[in-house]
Amino acid sequence: MPIFLSGYYAHIPHTGSLVFVTDVSVVVPAHNRPDELLRTLRSLTQQTLPTSDFEVIVVDDGSQEDARSLCHNSGDALSPLNLRVVRNSESLGAAGARNRGARLATGDLLVFLDVDCLAHPEMLAVHRDIQTKRQVAACGYTHGRELTPETWALRIGGSWNWDAADEVFAQASSIGLLHDPLTELLATPVDSDWAFFWTCNVSVPRNVFEAVGGFYEAFDVKGVEDMELGLRLRLAGLPTVFVPEARAFHQPHTRDRHLELLRDRRNDFVLLRRHPMIEVEAVCSFDIVKARKVLPALVDFCNRLDTRAIDTSKLSMLPEAMATLAASERTLLIGSADAWPRTLPQPALTVGPTADSVEGLSCQLLGTRLPFADQHADVAVITDYWRVLPEATACRVIGEALRCARQVIILSDVSTTPNTMPDPELAAALDLAGPPFWEHTVAVPREFHQFRFNELDSTVIAPDATCQSRAFIVEWAEWPLTHLADLTH
């Protein structure tokens, strides 16, 4: 394999072998995209940071064209770089490829740069400077995220010399559509900014990266794996900090956006299963931008919710529901386990805003995304908790219950003091957030009309018959999606 090295070497004790030692290690995972890779590498030859201060490690993750030969055949263009290229015979995915590159790195600072991102001449110098002030998970500025050649031609157009990074950055600076919106969004940092740790262009101290275990390789395809690392870095004390001076440029390339959105939703589930936390659920449910706005309201809601509004104090008065739950080997309770009937086995799993987080037993979650596999429980029972939620949010909880359990029971007027209306502050916050941006691709329920509620049993618990506890079996109603174009004839 070609190794393009210059600079300083150090002996590895007891082996006598030599290794290049540097301040900064740039890791570039590459799966196909040979043209973009060469342009990115050429942009790294133009850094103001001396080449003796950084190395570049390309991990070819099972590309059709061997990147080792590609770089070797580039001649003198890449000769200024201290470059190593290694190849995975089969693709490990972005997480695995980056981890392999990090293991080969010698620098104290790791910079992860995507294969299709040109580096501004100051990019590495800025990353190094910011990390000398304090250790952070630094997320750089990236021009032109998500653009394809087709959308580029439509929205930008013009003649661009992709092989001349300095010209590209000079042109990009004057085009508003290429502005990175994270500049304004992340101007005031909050704890949940880990969700914006996107590895187009990031840096992290190597010692912290290794301490938290690197990228989680259960993400076998790209998407969300970088956010998950950002969360673990935050939990280890390293906040995500946006660094607008560390600029990169995302080269437009073909992509299947529909597939990417589906893949991200699947990877959301991997994230939530590993970290069943209210802030992670918010990111997975409301998308990362909306979650940033709504998370304070969710936390406040969890803190003030009275468990008496969502418990099961009158459940024992519903014999059919009791019999169904008694026969269940694995019950998922969504609400509060307070006042659960003593004659029933305790729920195997409890989810709710007031629940304690106990691994394998209970999670403090809203319930709009659940960290359980399909049909994980025999029965899911939803308490009057649904009453404190706005209808669209309650429907999402019901939808997740139907996914996670073979049978779903929803209770009405069974708690000690059930709410008559949704919590107004929560409703206002969620209404402001609106549906997730990806709802045009992955539909989520919004109305009770999208379900069938079949009465299981009921009982009158007041002499004047004004209060009646009820239990219903819930099923999906047929609700096909239709395009407006199909309704014009």
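Please keep in mind throughout that the model is predicted.

I begin with strand β5, residues 54–61. Is this strand buried or exposed? Eight of its eight residues are buried, so β5 is largely enclosed by the rest of the structure. As a general point, side chains in a regular strand alternate between the two faces of the sheet. In β5, Phe 54, Val 56, Val 58 and Asp 60 point one way, while Glu 55, Ile 57, Val 59 and Asp 61 point the other way.

Which strands pair with β5? One is β4, residues 24–30, which runs parallel to β5 and is joined to it by seven bridges. Within that pairing, Val 28 stands opposite Val 58 of β5. Between β4 and β5 the chain passes through helix α1, residues 34–44, and this β-α-β crossover is right-handed. The other partner is β6, residues 83–88, paired with β5 in the parallel sense over six bridges. Here Val 59 has Val 86 of β6 as its bridge partner. Together with helix α2, residues 67–72, β5 and β6 make a right-handed β-α-β unit.

I turn now to the aromatic residues. A pair of aromatic rings is described by the distance between the centres and the angle between the planes. The count for this structure comes to 17 aromatic pairs. In one of them, Trp 162 and Phe 249 are 5.6 Å apart, centre to centre, with 50° between the planes, and the pair is tilted. Where do these two residues lie in the chain? Trp 162 is in the loop between α5 (149–155) and α6 (165–172), and Phe 249 is in strand β11, residues 240–250, so the pair ties together parts that are 87 residues apart in sequence. Both Trp 162 and Phe 249 are buried.

A second pair has another geometry: the centres of the Tyr 216 and Phe 219 rings are 5.9 Å apart and their planes stand at 85°, so this pair is edge-to-face. Tyr 216 is partly exposed, at 28% relative accessibility, whereas Phe 219 is buried, at 0%. Returning to Trp 162 and Phe 249, both belong to one aromatic cluster together with Trp 152, Trp 160 and Phe 169.

Arginine side chains also lie over aromatic faces. Arg 98 is over the face of Phe 215, 5.1 Å from the ring centre. Arg 396 is over the face of Phe 286, at 5.5 Å from the ring centre.

Next, Glu 400, which is part of helix α14, residues 391–404. Its relative accessibility is 10%, so Glu 400 counts as buried. What does its side chain approach? One of its polar atoms lies 2.7 Å from the backbone nitrogen of Leu 370. Beyond its neighbours within four places in sequence, Glu 400 is in contact with Gly 367, Thr 368, Arg 369 and Leu 370.

Pro 239 is partly exposed, at 29% relative accessibility. Apart from residues up to four places away in sequence, Pro 239 touches Arg 134, Gln 135, Val 136 and Ala 137. From Pro 239 to Leu 366 the separation is 127 residues in sequence and 25 Å in space, C-alpha to C-alpha.

Note on methods. Residues numbered from 1 in each chain as written. Predicted model: local features only at pLDDT ≥ 70, side-chain atom pairs only at ≥ 80, totals over all residues. Heavy atoms only, no water. Phe/Tyr/Trp six-rings, centres within 6.5 Å; stacked < 30°, edge-to-face > 60°. Helix = DSSP H or I, 4+ residues; strand = E, 2+ residues; numbered from the N terminus. Buried < 20%, exposed > 50% of the residue type's maximum accessible area, 1.4 Å probe, protein only. Lys NZ or Arg CZ within 6 Å of the ring centre and 35° of its normal. Polar contact = N/O pair within 3.5 Å; in protein donor to acceptor, adjacent residues only side chain to side chain. Contact = heavy atoms within 4.5 Å. Pairing = 2+ DSSP bridges. Right-handed = clockwise from strand over helix to strand, strands pointing away.
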